[in-house]
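I have set out my reading as numbered points, to be followed with the structure open beside you.

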Amino acid sequence: MHAIGVDIGGTKIAAGVVDGEGRILAQIRRDTDASDADSVDAGVVEVVRELSAAYEVGAIGLAAPGFVSSDQSTVLLCPNLPWRDHPLRERVAAGLGTGVPIVVENDANAAGWAEFRFGVGRDVEDMLLLTIGTGLGGALVVGGRLVRGAYGVAAEVGHMRVVPDGHLCGCGLHGCWEQYASGRALVRSARTAAANLPESAVRMIELSGGGKIKGPAITTAAQEGDPLAVSLLAELGRWIGEGSASVAALLDPALVVIGGGVGAAGDLLLEPTRAAFLGALSARGFRPEARIELAAMGNDAGIVGAADLARLGPQDAVG
Ligand SMILES: [Zn+2]
């Protein structure tokens, strides 16, 4: 059975028809107006209709960038879209009028499920995915099942507190992991370093076009051997690794998967992450150690994971 996966972002929708092996058979994209909730609903209906015209599909999965209710119908809160208690499943079902089953899933959960089923996690049963973009999202697979929690909002690892009275987070609390292990944190550290010691940051500023330092410029400068850029990525890796060790204390995963834009830094990020993880792991030497690897599914993970979760059914997703 084929299923459609729709990855809903702040500024665009990407959708695809996915087969039972996780292969995308057809794919389309639409820009959306993030300030208009109705236009996002309409955009989702439109892409699903277009794909359904060419393929017979048995289920539809919608990956949304926010908190999703445990019955997988409603987006409770979405930071980048005007969705508050938004009945997404109902709206899309009404727009389509076909009766094909629809499930709504958190986008990081969808991406994590795709890595677990078809990507770097396909040979493990217990896995943590960290999506490190602007923020820090997470997904957990425990015993081959996606962990949603009692109310649908589990695995929000980015909001575990790692620094008492630390940086203010978008969630309203201070010292969340996301404030230290994310693209935004990396850029903040780079700009602070550049303000304090401008001559150390010449190359990163140059690569950013002369203005404020941007994330990709840090990676490029580090790949060229720029010492400040290398140390900034090492610091980011330290935060990722130490936080992952805390998760390992709780859940003992076999694999930690690093997804998102910072993955472009490769070993410049992975090596310090692994070192910090092992350094912070409790009872080291007396337990097997989780592997830490880059995600394999790229930008298509949300589409593939949402489709696969929809195809398997809302409550019984077992790999
Ligand atoms: Zn937070």
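1. Which residues make a nonpolar surface patch of about 210 Å²? The patch is formed by Phe67, Leu76 and Leu77. Please keep in mind throughout that this is a predicted model. Phenylalanine 67 sits in strand 5, which covers residues 67–68. With a relative accessible area of 30%, phenylalanine 67 is partly exposed.

2. Next, the salt bridges. How many salt bridges does a search of the whole structure find? The search returns 16.

3. Take aspartate 38 and arginine 91, whose side chains meet in a salt bridge at 3.8 Å, N to O. This pair links distant parts of the chain: aspartate 38 belongs to helix 1 (residues 37–54) and arginine 91 to helix 2 (residues 88–96), 53 residues apart. Are the two partners buried or exposed? Aspartate 38 counts as exposed, at 52% relative accessibility, since the cut-off for exposed is over 50%. Arginine 91, with a relative accessible area of 38%, is partly exposed.

4. Another pair worth a look is arginine 291 with aspartate 123, a salt bridge in which the closest N and O atoms are 3.6 Å apart. Arginine 291 lies in strand 13 (residues 291–294), while aspartate 123 is in the loop between helix 3 (107–118) and strand 9 (127–132), so the pair ties together parts that are 168 residues apart in sequence. Arginine 291 is partly exposed at 32% relative accessibility, and aspartate 123 is exposed at 59%.

5. Glutamate 289 is partly exposed at 37% relative accessibility. Arginine 284 is partly exposed too, its relative accessible area being 45%.

6. The volume of the largest pocket is about 1700 Å³. Which residues lie nearest the centre of the largest pocket? They are Pro65, Asn80, Asp107, Thr131 and Gly133, out of 50 residues that line the pocket. By class, the lining of the largest pocket holds 20 nonpolar, 22 polar and eight charged residues.

7. Helix 3 gives the most to the lining, with five residues.

8. Alanine 264 counts as exposed, at 54% relative accessibility. How far apart are the C-alpha atoms of alanine 264 and valine 44? They are separated by 30 Å, and the two residues are 220 residues apart along the chain.

Technical notes
Residues are numbered from 1 along each chain as its sequence is written. This is a predicted model: local features need pLDDT of at least 70, side-chain atom pairs count only at pLDDT 80 or more; totals for chains, interfaces and linings use all residues. Side-chain values use heavy atoms; hydrogens and water are left out. Patches are made of residues with over 30% relative accessible area and no salt bridge: like charges are joined within 9 Å, nonpolar side chains (Val, Leu, Ile, Met, Phe, Trp, Tyr) within 5 Å. Accessible areas come from the Shrake-Rupley method with a 1.4 Å probe; for residues, only the protein chains shown count as cover. A salt bridge is a side-chain nitrogen of Lys or Arg within 4 Å of a carboxyl oxygen of Asp or Glu. Helices (H or I, at least four residues) and strands (E, at least two) are DSSP runs, numbered from the N terminus. Buried means under 20% relative accessible area, exposed over 50%, partly exposed in between (1.4 Å probe, protein chains only). On a 1 Å grid over the protein atoms alone, a cavity is a set of points where a 1.4 Å probe fits but cannot get out, and a pocket is an open set with protein on both sides within 12 Å along at least five of seven lines; lining residues have an atom within 4 Å of a point. Grid points are joined across faces, edges and corners, and a volume is the space filled by probe spheres set on the points. Ala, Val, Leu, Ile, Met, Phe, Trp, Tyr, Cys and Pro count as nonpolar, Asp, Glu, Lys and Arg as charged, and the others, Gly among them, as polar.
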